[in-house]
Amino acid sequence: MLLGVNLFLLVLVAGRETRSAQYLAHARLEAVAILEKNGIQMGCELPKEMELPAMTVTRDTQSEPAQAAGLLGEVSPIEDGTTSYRGENGTIRFSADGTFSVSLEAGAYPRGRETPGHFGLSCLRKMGFDGEISNPDEAGDTVAVRQTWKGDTVFPCVAVLTYEGEDLKSIRGVRLIGSPVVVASEEPLTVATVLLEFLAHLKETGTICREIRGMTAGYTLSTVQINPIHMLPTWYIVTDSESYYMDAVTGVVSVAS
């Protein structure tokens with residue numbers, strides 16, 4: 001009898017999940033149709049539903065000497081009232097708001113035959129910064145790398161690497177380092193709701209948009225306080241006219257800088 005009850009409950013749950021998935025799929029198609037009626041095409045595949053949790057991260061100052069040493073070799077603190085270190089390959093300064101700057105000695109990091117982007121990525125990994133190249137053409141003397149956190153993009157955290165000839169000369173940017181803690185938050189909006197909320201924002205602001213070219217799930221950072229930092233699940237929406245951030249829980253839209 002107990003086995004029969006368990007089987008019944010299993011079938012009931014599976015049925016609810018199937019109906020829920022069907023409802024979401026239908027809602028997504030309906031949202032795309034509404035966009036098209038308003039002259040906006042989907043130029044990308046619809047992403048999966050948002051699964052990233054809200055988190056907080058406390059700055060890990062204890063790991064900063066090791067991060068500096070990974071890039072600069074053996075380091076010693078610079079006694080100038082800041083969190084700075086000097087090594088044989090140059091100097092680095094960390095700030096409480098996550099910004100950092102690196103000045104490298106001439107010839108410390110020649111890239112040889114490697115592309116500026118891939119060479120820059122390998123240098124950033126030495127200081128615990130994983131990322132993805134955000135200007136892949138690499139045509140100039142600078143390369144921008146956006147940080148990823150356990151595979152997920154942290155949109156405001158970007159390192160800009162500057163070259164002189166084949167030598168990497170400096171790195172400046174914002175990075176996120178610490179131990180994440182998941183915090184309670186409301187359920188994120190469905191992708192269908194995100195699309196309709198985005199359409200409402202475009203109409204409210206009078207913005208002309210003809211195509212959505214990309215939707216990427218990731219994080220933005222709260223600027224309310226420096227430590228701990230709040231990591232907010234966010235959609236990065238790229239259109240034919242502008243790029244936007246949308247809070248995945250509240251639906252608030254802002255132009256991506």
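First, a term you'll need: a salt bridge is a side-chain nitrogen of Lys or Arg within 4 Å of a carboxyl oxygen of Asp or Glu. Keep in mind that this is a predicted model. Searching the whole structure turns up five salt bridges, and we'll visit some of them.

**Stop one.** Select R28 and E49. They form a salt bridge, with the closest N and O atoms 2.7 Å apart. Now look at where each one sits: R28 is in helix α1 (residues 2-37), while E49 is in the loop between β1 (41-42) and β2 (55-59), so this pair ties together parts that are 21 residues apart in sequence. R28 is buried, at 16% relative accessible area, whereas E49 is partly exposed, at 23%.

**Stop two.** Next, pick R175 and E64. What is the gap between the closest N and O atoms of this salt bridge? For R175 and E64, that gap is 3.1 Å. R175 lies in the loop between β10 (167-174) and β11 (178-182) and E64 in helix α2 (residues 64-72), so the pair ties together parts that are 111 residues apart in sequence. Buried or exposed, then, for R175? R175 is buried, with a relative accessible area of 5%, and E64 is buried too, with 1%.

**Stop three.** Now jump to R125 and D130, a salt bridge whose closest N and O atoms are 3.8 Å apart. R125 is partly exposed at 47% relative accessibility, and D130 is partly exposed at 41%.

**Last stop.** Select R59, E64 and R175 together: salt bridges with shared partners join these residues into one network.

Terms used:
Residues are numbered from 1 along each chain as its sequence is written. This is a predicted model: local features need pLDDT of at least 70, side-chain atom pairs count only at pLDDT 80 or more; totals for chains, interfaces and linings use all residues. Side-chain values use heavy atoms; hydrogens and water are left out. Helices (H or I, at least four residues) and strands (E, at least two) are DSSP runs, numbered from the N terminus. Buried means under 20% relative accessible area, exposed over 50%, partly exposed in between (1.4 Å probe, protein chains only).
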